[in-house]
Amino acid sequence: MKEEKSLSEIAQIYDIHQNLLRTWKREFLENSSEVFKADKKSRKNEEVNVDELYKEIGKLKVEVEWFKKN
């Protein structure tokens with residue numbers, strides 16, 4: 001994306017065709033905003049899941065301590 005090397009140089013380094021690189025680059029540029037939107041949504045879902053898991057861990061610790069005492 002930074003265009004530090006030409007497409008032909010990159011294609012030669014990775015042994016792929018230039019047209020494939022062009023296609024990938026075009027698709028990325030057209031859809032990159034969607035990729036990052038989805039990433040933000042998944043991070044929010046992960047944060048919610050982590051909070052729920054911590055709550056469950058706390059609950060289970062309390063139960064274990066109760067069973068040890070009784």
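This is a predicted model: local features need pLDDT of at least 70, side-chain atom pairs count only at pLDDT 80 or more; totals for chains, interfaces and linings use all residues.
**Exercise 1.** State how many helices and strands the protein chain has, and what share of its residues is buried.

*Solution.* Start with secondary structure. The chain has 2 helices and 0 strands. Next, take burial. The cut-off for buried is under 20% relative accessible area. Of the 70 residues, 4% count as buried. Finish with the surface. The accessible surface comes to about 6900 Å². Carbon and sulfur atoms hold 55% of that area.

**Exercise 2.** Find the salt bridges in the whole structure and place each pair along its helix.

*Solution.* The search returns 2 salt bridges. Take Arg26 and Glu30. Their closest N and O atoms are 3.9 Å apart. The cut-off is 4 Å, so a contact of this kind must fall within it. Arg26 and Glu30 are 4 residues apart in helix α2, so about one helical turn separates them. Arg26 is partly exposed, at 45% relative accessible area. Glu30 is exposed, at 53%.

Turn to Glu65 and Lys68. Here the closest N and O atoms are 3.9 Å apart. The two residues lie 3 apart in helix α2, which means a separation of about one helical turn. Glu65 is partly exposed, at 41% relative accessibility. Lys68 is exposed, at 63%.

**Exercise 3.** Which residues gather in a patch of negative charge on the surface, and how accessible is Asp51?

*Solution.* List the members. They are Glu46, Glu47, Asp51 and Glu52. Locate Asp51. Asp51 sits in helix α2, residues 18-69. Check its accessibility. Patch members need over 30% relative accessible area. Asp51 has 46% relative accessibility, so it counts as partly exposed.

Technical notes
Residues are numbered from 1 along each chain as its sequence is written. Side-chain values use heavy atoms; hydrogens and water are left out. Patches are made of residues with over 30% relative accessible area and no salt bridge: like charges are joined within 9 Å, nonpolar side chains (Val, Leu, Ile, Met, Phe, Trp, Tyr) within 5 Å. Accessible areas come from the Shrake-Rupley method with a 1.4 Å probe; for residues, only the protein chains shown count as cover. A salt bridge is a side-chain nitrogen of Lys or Arg within 4 Å of a carboxyl oxygen of Asp or Glu. Lys and Arg count as positive and Asp and Glu as negative; His and the chain ends are not counted. The place of a charge is taken as NZ of Lys, CZ of Arg, CG of Asp or CD of Glu. Buried means under 20% relative accessible area, exposed over 50%, partly exposed in between (1.4 Å probe, protein chains only).
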